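Keep the 3D view open as you read.

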Amino acid sequence: MNIKQNPSGLQANGFTLPLSLSINGKQYDLNIEPRVSLLDALREYIGLTGTKKGCNQGACGACTVLVDGERINSCMTLAVQYQGKEITTVEGLAEDGNLSALQQAFIEHDGFQCGYCTPGQLCSATAMIEEFKNGMPSAVSPDVASEEFEFSEKEIKERMSGNLCRCGAYVGIVEAIQEAFSNKETTVAHETFYL
Amino acid sequence: MKLFTYKQADGVDEAIKAASTKTISKFIGGGTNLVDLMRENIEQPDTVIDVTHLPLTDVEELEDGSIKIGSLVRNSHLAANKIIREKFPVLSQAILNGASGQLRNMATTGGNIMQRTRCYYFYDETACCNKRNPGSGCDAIDGYNRIHAILGTSFTCIATHPSDMCVAMAMLGAKIIVEGKNGEREIAFTDFHKLPGDTPNIETVLQQGELITSVVIPPQDFTKNSLYRKVRDRASYAFALVSVAAALEVENGSIKNVRIALGGVAHKPWRAFKAENYLMNKEVTEENFMLAAEEELKDAKGFEHNSFKIGLAKRTMVSVLKELV
Amino acid sequence: MSIISKIMETVVQAMPDKKPDRLIHQKKYIGQAINRVDGQLKVTGEAKFSAEYELDNICYAALAYSSIAKGKIKKLNLSAAQNAEGVITIITHENSLKLNKPVLFDPSGRSRGSAAMDIDILKDENIYWNGQPIAIVVADTQEQAEHAATLIAVEYKEGKSTLSFDANKSKAKTPSKVMMEPAEIKIGDAEKELKHAAHSTDNFYHTPRYNHNAIEPHATIAAFKEDGRLVVFDSTQGLYGVTRTVAGVFSMKPDEVQAVAPFVGGGFGGKGSVWFNTMLCVLAAKQTGRPVKLNLSREGVFRIIGGCTPSEQRVAIGADENGKFVSIVHSGITATTEHNNFPEQFSFPIRHLYASKSFYIGQKALNLDTVANTFMRAPGESIGTFAIESAIDELAYKMNMDPVELRRINEPAKDPTKETEFSSRHLIEAYQRGAKKFRWKHLPPKSQRDGEWLIGQGIATAFYPVYRFPATVKISLFADGTAIVKAAAHEMGMGTATVQLQHSADRFGLPIEKVSFQYGNSDLPEASFAGGSNQTVSVAAGISSAAEKVLEEFFKLASKNKNSPLHNLKFEDVEAKNGGLFSKNDSTKGETYIDILKEAGKGFIEAEATSDMPLEIQKYSMGSQGAQFCEVRVNEVTGEVRVIRWVGSFDTGRILNPKTATSQFRGGIVMGIGMALTEETFFDERNGRIMNPSLAEYHVPVNADVPNIEIIYNDIPDEHTPLGAHGIGEIGITGTAAAIANAIFNATGKRIRSLPVTLDKLL
């Protein structure tokens with residue numbers, strides 16, 4: 001038996017179509033059936049197994065990746081829809097081998113136990129902080145019409161509720177996000193809005 | 001998931017043409033519901049037409065003050081849109097109360113309207129479900145029906161429509177613009193989804209090959225004073241047991257304008273016309289709110305596990321109206 | 001009790017205590033809030049879980065499940081599935097290799113198996129539960145296998161099934177034992193005392209079915225190597241359970257099977273036994289001759305991996321005028337199946353918690369035609385403490401007494417039913433510290449409000465027994481001053497490697513970075529399964545035993561050498577520190593391991609040892625306990641409940657790593673919040689089908705459901721345990737549901753005795 005170190009691709013057959021995905025700045029050429037989800041493309045065809053499958057139904061957030069900087073559930077997609085987009089997975093969060101502030105804060109605050117939901121939590125939190133900075137309100141924002149809201153515990157909890165953690169590391173996750181947020185930016189910019 | 005042909009449409013006409021064939025086809029936007037249903041074998045299209053490249057991604061203010069929302073505007077973008085937040089905060093709130101940050105980034109306006117029920121028996125291929133398999137019966141009526149409908153049910157189906165966004169849009173009196181091979185038509189939001197009747201498998205008035213291109217919300221100033229309240233089993237990331245979208249305008253202690261819609265109670269977003277009619281020009285009192293709620297829920301019918309929704313809907317409605325005063 | 005066990009018990013009682021572990025007060029690494037050593041792997045996505053090993057020529061499997069609860073398969077139509085794209089083979093009872101019946105998990109020790117159910121796999125047409133695997137489809141890709149599995153058409157002949165818990169309660173029987181303990185205990189006449197008690201409460205409590213829902217679904221890769229040896233990458237809490245069970249089923253020798261699981265994505269008991277999926281994956285690998293990967297879908301996990309039983313429990317408490325208990329009754333029924341016979345031990349906590357003049361404790365179990373029930377985080381204690389701790393609260397309100405005080409005055413001096421001494425019990429101290437931190441005040445029901453929200457506080461006692469099992473560990477200490485500790489232990493979030501490295505470094509007096517820990521592979525010595533909160537202390541005892549041997553070897557080597565400063569000393573006079581052995585009296589006198597090996601011209605010293613039998617557990621009453629304090633808000637209009645404040649104050653021996661320990665406690669409490677408020681597996685009694693087999697409809701708590709949870713602990717070492725520590729993975733969930741239900745009562749005046757407390761119950 002031979003444990004392979006390199007990602008594998010699938011041989012083309014009559015049902016597959018050629019596809020090129022840009023992941024963590026690298027181009028991957030695949031031949032896959034259109035029914036393959038982005039999540040399965042990552043895990044089973046490309047060998048990037050950092051992104052996890054917890055429910056395959058958009059109900060747990062373990063599969064969260066960033067597409068052009070926005071967080072999505074990669075399980076609920078067809079991979080073919082993501083050509084031409086820039087996909088970032090947990091493997092792409094560190095820069096030049098240095099952990100991101102969030103990754104470091106997750107370790108410091110023990111924002112995980114088993115680690116299975118962690119890649120999804122990290123991708124989700126990375127994009128969530130950007131959403132917040134761009135003025136995206138949430139269900140608990142006191143006034144959605146307002147342009148000012150506080151990066152409070154309540155806001156973080158609501159905004160991170162799409163990522164289940166069955167080990168129950170939520171307290172550490174919130175602390176880690178608070179720390180990463182405050183280290184990065186002391187003031188919150190509210191100029192940019194989603195349109 | 002069965003194999004299918006994937007087509008990417010670059011224009012509305014091309015999408016409609018691709019869908020106007022004999023074989024079963026589905027438009028795919030964010031995929032947040034369709035991919036799941038395909039994986040569960042509930043939807044088995046031969047062709048999946050990707051519409052995400054269509055130029056229907058704008059929110060624009062029309063000359064008459066209406067707001068036109070392209071059907072491919074993502075839920076999160078719609079909720080964060082400045083015009084929507086100022087004019088129709090209830091719509092932002094409703095969207096933000098639905099699903100999760102990730103799903104809202106994927107889900108489109110049109111897809112949200114087209115999403116299907118969360119009924120457990122609809123989802124389980126081995127169960128009897130008239131919606132999934134017409135004529136097979138309904139296992140929910142005598143089964144786990146805690147999340148099911150209390151208004152407008154039939155002997156064939158007691159499922160609910162799960163959307164939050166649609167409740168706000170129904171309340172706002174929105175119109176859905178659809179385009180098909182015979183051109184464009186406009187459908188009142190409240191007429192778009194159907195009650196189950198004898199054909200719970202037919203959920204909307206949309207014809208095969210028709211594509212939702214936009215939603216138009218008519219201008220109205222009083223809906224600035226609006227609110228969405230969702231009652232669910234978790235603090236976040238759960239479908240509504242009951243939700244209420246309402247807008248209220250009070251003048252000299254009496255109700256000048258009122259709009260109410262309920263979610264989680266029926267096969268469609270439920271516009272509370274009866275309660276609205278009752279309240280028009282009435283004095284603003286808690287008692288009147290309660291009487292209006294009674295009026296709306298008069299014909300409500302509970303099942304073994306969901307009768308609580310009748311009282312819950314009334315109480316939530318009253319609470320939301322009080323908050324809007 | 002048999003005469004033999006009576007004699008055994010007397011002998012154990014008379015045995016002298018072991019000397020306390022020399023490290024119970026050690027403060028170098030043990031006790032420090034060290035970051036997880038596998039943290040970097042987990043935040044970068046590099047930690048490999050079972051489904052993530054890439055093997056040449058691998059193929060994918062998917063399962064088809066029965067849709068009836070009992071009966072027979074009349075006809076299978078496989079043609080559509082067989083003709084589907086990419087299908088390699090479909091294995092059913094019609095073409096399966098004949099396998100041996102799996103051997104059940106046995107709580108008495110290292111049995112030949114660890115199966116969750118002793119049902120034959122794909123042997124015949126019989127169906128025993130709705131969701132039973134009836135076929136395994138193997139194809140080139142995941143998508144192909146999953147799709148083909150849906151194309152299998154089955155005709156059944158339905159048999160008569162027993163599915164309703166309520167309707168069949170009268171058929172429940174008293175089992176011969178409950179997890180090795182008697183199912184019934186009678187002390188005095190509890191019913192009579194209850195009748196004459198000055199104050200009493202007597203109610204039924206109900207808990208529903210629950211499922212573990214670890215975020216990693218069960219996954220297996222099975223591959224036969226050229227030499228015939230089988231490798232199973234399996235998400236398991238019991239590596240040796242996998243090797244033994246699989247070996248038994250496939251007529252192999254246990255050492256011909258290697259189980260690998262360095263990272264497990266949560267288990268909570270659901271991965272504690274060996275379920276059909278592991279064995280079916282091996283079967284597929286055997287029949288195809290290719291490595292096979294079987295990822296269970298979330299639905300698949302619900303269909304074939306059991307969860308926590310439903311229960312109906314009666315708790316009656318009688319007290320005298322002062323509140324001292326004169327009678328405690330805790331009886332009830334749980335469900336199990338005839339294929340696993342596991343009566344969940346809900347009555348265990350009451351055996352140790354309160355002093356009372358009389359007791360009646362009795363468990364019954366009812367066989368249903370379902371997937372086997374199994375251990376789920378604090379099995380027994382989680383649901384048992386809900387009933388007891390609700391009842392205590394009810395009595396306290398009846399007596400108008402602070403529930404902390406009621407517990408204090410009934411705190412036993414000795415174990416109330418075993419009558420043995422406690423090894424370490426400081427529950428009242430935990431209450432005092434918790435009350436202070438929480439600013440506990442006992443206010444009358446429905447007396448606090450904020451607009452629509454009613455506010456209330458509640459408390460409950462947490463309890464979990466101390467378990468330890470013998471563990472084998474191998475340690476090598478090398479001439480460069482590094483050490484490798486090897487044990488087939490498991491990491492599913494407990495911080496296994498982190499804590500055992502802290503321990504090993506202190507045990508040898510080495511810098512922590514000089515020690516490495518190998519685990520997660522059955523080719524390593526058998527440590528212990530990860531369950532019953534035993535692994536940390538069991539492995540610690542194994543490390544301690546092996547380390548003693550290694551140190552003795554070093555001492556022998558050194559003391560033989562006349563030039564060594566250790567030459568004239570006795571082993572008892574030296575201690576391991578500063579990278580070597582040094583005199584206890586004169587820390588300048590000694591030698592480093594590096595020097596000793598250099599002098600002796602040896603490359604390394606290695607020893608393997610197995611820790612002793614856990615006789616201390618028979619001699620003493622050994623438990624962990626704690627006090628849960630919480631505050632809830634209940635919306636008067638909608639019935640929605642929000643937990644907004646929590647203090648967990650624990651008495652669990654020595655805390656080895658405050659950071660990872662806090663996470664364990666919190667994690668248990670979070671799961672308890674779900675148990676209390678949102679979780680329930682919907683079991684349709686008409687046909688035995690689970691109706692919410694998904695994370696969208698089975699509501700585990702989300703981030704917004706969980707408040708900031710403050711954790712404090714006594715941190716008092718237990719002199720009778722390795723490192724003075726207790727396992728802490730399970731205690732957090734205990735008492736949690738009761739604390740919440742009690743707080744809800746305090747907020748609303750409504751007593752809910754049936755979980756989960758969904759909003760409809762409060763309208």
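Predicted model: local features only at pLDDT ≥ 70, side-chain atom pairs only at ≥ 80, totals over all residues.

## Two helices crossing in chain A

Helix 2 of chain A passes helix 3 of chain A in a right-handed crossing. A quick word on handedness: a crossing is left-handed if the near helix is turned anticlockwise from the far one by less than a right angle, and right-handed if clockwise. The helices themselves (H or I, at least four residues), like the strands (E, at least two), are DSSP runs numbered from the N terminus. On the helix 2 side of chain A, the contact uses Leu102(A), Gln103(A) and Phe106(A), while helix 3 of chain A brings in Thr118(A), Leu122(A), Ala125(A) and Thr126(A). Contact here has a set meaning: the C-beta atoms of two residues, placed from the backbone, lie within 7 Å. Sorted by class, this contact has four nonpolar, three polar and no charged residues. For the classes, Ala, Val, Leu, Ile, Met, Phe, Trp, Tyr, Cys and Pro count as nonpolar, Asp, Glu, Lys and Arg as charged, and the others, Gly among them, as polar.

At what angle do helix 2 and helix 3 of chain A pack? The angle is about 130°, and the axes are 10 Å apart. Axes are lines fitted to C-alpha atoms, for helices over the stretch in contact, and angles run from 0 to 180 degrees between N-to-C directions. Helix 2 of chain A and helix 3 of chain A are therefore oblique to each other. The cut-offs go like this: under 35 degrees is roughly parallel, over 145 roughly antiparallel, 65 to 115 roughly perpendicular, and the rest oblique.

Residues are numbered from 1 along each chain as its sequence is written, and chains are lettered from A and ligands numbered from 1 in the order in which they are written.

The pLDDT score is the predictor's confidence in each residue, from 0 to 100. Chain C has an average pLDDT of 97, and 99% of its residues score at least 70. For the complex, the predictor gives an ipTM of 0.98 and a pTM of 0.97.

## The two domains of chain A

Chain A splits into domain 1 (17-92) and domain 2 (101-184), with bounds that come from an automatic or database domain assignment. The C-alpha centres of these two domains of chain A are 22 Å apart. Where they touch, 15 residues of domain 1 of chain A meet 14 residues of domain 2 of chain A. On the domain 1 side, strand 3 (64-67) and strand 4 (70-73) of chain A are the elements that give two or more residues. Strand 3 of chain A has the largest share, three residues. By class, that side has six nonpolar, six polar and three charged residues.

Have a look at Asn56(A) too, in the loop between helix 1 and strand 3 of chain A. Its phi is near 60°, a positive value in a residue other than glycine.

## Inside chain C

How many domains does chain C get? There are three: domain 1 (50-160 + 212-304), domain 2 (168-211 + 308-467 + 618-762) and domain 3 (468-613). Between the C-alpha centres of domain 1 and domain 2 of chain C there are 35 Å. In their contact, 26 residues of domain 1 of chain C meet 23 of domain 2 of chain C. The domain 1 side divides into twelve nonpolar, nine polar and five charged residues.

Now find helix 13 (residues 496-508) and helix 14 (residues 535-560) of chain C, which pack at about 30° with axes 10 Å apart. That makes helix 13 of chain C roughly parallel to helix 14 of chain C. The crossing of helix 13 and helix 14 of chain C is right-handed. Among the residues making this contact are Val499(C) and His503(C) from helix 13 of chain C, plus Val539(C) and Ile543(C) from helix 14 of chain C. The peptide bond from Leu755(C) to Pro756(C) is cis, with omega near -10°.
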